[in-house]
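Colleague: I am new to reading charged contacts in a model. Could you walk me through them?

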Amino acid sequence: MTPELHRPLAVARIGPEGLDTMVTARPAECAALARRFGLPAIHALACRFRLRPLPGGAVAAEGALRAEVVQVCIATVEEFPATVTEDFAVHFVPVGTVDAFGYASRRARRVFPNRRRCCRK
(Lines give C-alpha, C1' and ligand atoms only; values in the text may rest on other atoms or scores of the structure.)
Protein backbone atom coordinates (compact mmCIF):
# COMPACT_ATOMS: atom_id res chain seq x y z
CA MET A 1 0.00 0.00 0.00
CA THR A 2 1.31 3.44 -0.92
CA PRO A 3 0.90 6.06 1.83
CA GLU A 4 -1.43 8.99 1.12
CA LEU A 5 1.48 11.45 1.17
CA HIS A 6 4.39 9.76 -0.59
CA ARG A 7 7.53 11.59 -1.78
CA PRO A 8 10.39 9.10 -2.16
CA LEU A 9 13.87 10.60 -2.19
CA ALA A 10 17.11 8.83 -3.08
CA VAL A 11 19.59 8.98 -0.18
CA ALA A 12 22.31 9.87 -2.71
CA ARG A 13 20.56 13.23 -3.30
CA ILE A 14 21.14 14.33 0.30
CA GLY A 15 24.88 14.97 -0.06
CA PRO A 16 27.43 15.53 2.73
CA GLU A 17 26.08 19.01 3.63
CA GLY A 18 22.49 17.82 3.96
CA LEU A 19 19.36 18.80 2.08
CA ASP A 20 16.59 21.25 2.96
CA THR A 21 13.23 20.39 1.48
CA MET A 22 9.51 21.06 1.75
CA VAL A 23 6.58 18.80 1.02
CA THR A 24 3.11 20.25 0.45
CA ALA A 25 0.10 17.96 0.24
CA ARG A 26 -2.07 18.17 -2.85
CA PRO A 27 -5.87 18.48 -2.35
CA ALA A 28 -6.45 14.76 -3.09
CA GLU A 29 -3.77 13.83 -0.56
CA CYS A 30 -5.35 16.10 2.07
CA ALA A 31 -8.73 14.46 1.45
CA ALA A 32 -7.26 10.94 1.74
CA LEU A 33 -5.47 11.85 4.98
CA ALA A 34 -8.64 13.40 6.41
CA ARG A 35 -10.51 10.15 5.70
CA ARG A 36 -7.81 8.06 7.39
CA PHE A 37 -7.69 10.32 10.47
CA GLY A 38 -11.48 10.64 10.70
CA LEU A 39 -11.46 14.42 10.22
CA PRO A 40 -14.09 16.39 8.30
CA ALA A 41 -11.32 18.10 6.31
CA ILE A 42 -7.65 18.91 6.00
CA HIS A 43 -7.42 22.17 4.08
CA ALA A 44 -3.61 22.38 3.94
CA LEU A 45 -0.64 20.35 5.09
CA ALA A 46 3.02 21.23 4.65
CA CYS A 47 6.23 19.90 6.11
CA ARG A 48 9.60 21.66 5.98
CA PHE A 49 12.61 19.58 7.01
CA ARG A 50 16.37 19.14 6.77
CA LEU A 51 17.91 15.78 5.98
CA ARG A 52 21.52 15.08 6.88
CA PRO A 53 23.65 11.96 6.56
CA LEU A 54 24.78 10.04 9.64
CA PRO A 55 27.41 7.29 9.98
CA GLY A 56 26.55 3.85 8.65
CA GLY A 57 24.06 5.00 6.04
CA ALA A 58 21.58 6.46 8.53
CA VAL A 59 19.79 9.76 7.86
CA ALA A 60 18.62 12.38 10.36
CA ALA A 61 15.48 14.40 9.62
CA GLU A 62 14.55 17.51 11.61
CA GLY A 63 11.74 19.83 10.78
CA ALA A 64 8.24 21.08 11.37
CA LEU A 65 4.81 20.11 10.10
CA ARG A 66 1.83 22.46 9.88
CA ALA A 67 -1.74 21.63 8.92
CA GLU A 68 -5.02 23.52 8.71
CA VAL A 69 -7.72 21.03 9.69
CA VAL A 70 -11.36 20.81 10.68
CA GLN A 71 -12.02 18.84 13.86
CA VAL A 72 -15.22 17.77 15.61
CA CYS A 73 -15.90 18.66 19.23
CA ILE A 74 -16.69 15.47 21.16
CA ALA A 75 -19.05 17.34 23.52
CA THR A 76 -21.19 19.30 21.03
CA VAL A 77 -20.36 17.52 17.75
CA GLU A 78 -19.71 20.96 16.24
CA GLU A 79 -16.99 21.29 13.63
CA PHE A 80 -14.25 23.83 14.31
CA PRO A 81 -11.07 24.86 12.49
CA ALA A 82 -7.71 24.14 14.07
CA THR A 83 -4.06 24.63 13.24
CA VAL A 84 -1.88 21.65 14.01
CA THR A 85 1.88 22.15 14.30
CA GLU A 86 4.55 19.70 15.31
CA ASP A 87 8.32 19.89 15.38
CA PHE A 88 10.12 16.59 14.92
CA ALA A 89 13.55 14.97 14.91
CA VAL A 90 13.89 11.37 13.74
CA HIS A 91 16.58 9.03 12.46
CA PHE A 92 16.13 6.64 9.56
CA VAL A 93 18.52 3.70 9.72
CA PRO A 94 19.26 0.84 7.33
CA VAL A 95 17.48 -2.43 8.18
CA GLY A 96 19.38 -4.41 10.82
CA THR A 97 21.52 -1.52 12.13
CA VAL A 98 19.27 -0.04 14.82
CA ASP A 99 21.06 -1.75 17.72
CA ALA A 100 24.54 -1.07 16.33
CA PHE A 101 23.97 2.70 16.31
CA GLY A 102 21.77 2.96 19.40
CA TYR A 103 19.00 4.86 17.61
CA ALA A 104 16.30 2.60 19.01
CA SER A 105 16.55 4.30 22.39
CA ARG A 106 16.26 7.83 21.01
CA ARG A 107 12.81 9.36 20.75
CA ALA A 108 11.54 12.01 18.38
CA ARG A 109 10.90 15.32 20.09
CA ARG A 110 7.23 16.22 19.91
CA VAL A 111 5.99 19.74 20.40
CA PHE A 112 2.38 20.91 20.27
CA PRO A 113 2.71 24.68 20.80
CA ASN A 114 -0.58 25.77 19.25
CA ARG A 115 -2.93 23.01 20.36
CA ARG A 116 -6.34 24.54 20.92
CA ARG A 117 -9.02 23.24 23.23
CA CYS A 118 -12.29 22.05 21.76
CA CYS A 119 -15.32 24.31 21.65
CA ARG A 120 -14.42 27.95 22.07
CA LYS A 121 -17.46 29.39 23.87
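Predicted model: local features only at pLDDT ≥ 70, side-chain atom pairs only at ≥ 80, totals over all residues.

Colleague: What is a salt bridge, and how many does the structure hold?

Modeller: The term means a side-chain nitrogen of Lys or Arg within 4 Å of a carboxyl oxygen of Asp or Glu. The structure holds 6. One of them joins arginine 50 to aspartate 20, at 3.0 Å from N to O. This pair links distant parts of the chain, 30 residues apart: arginine 50 lies in strand 2 (residues 41–53) and aspartate 20 in strand 1 (residues 19–24). Strands here are DSSP runs of E with at least two residues, numbered from the N terminus.

Colleague: Is aspartate 20 buried or exposed?

Modeller: Buried means under 20% relative accessible area, exposed over 50%, and partly exposed in between, with a 1.4 Å probe and protein chains only. Aspartate 20 is exposed at 56%, while arginine 50 is partly exposed at 32%.

Colleague: Which residues are linked in a network of salt bridges?

Modeller: Arg7, Arg26 and Glu29 are. Within it, the side chains of arginine 26 and glutamate 29 meet at 3.1 Å, N to O. Glutamate 29 has 10% relative accessibility, so this residue counts as buried.

How values were computed
Residues numbered from 1 in each chain as written. Heavy atoms only, no water. Helix = DSSP H or I, 4+ residues; strand = E, 2+ residues; numbered from the N terminus.
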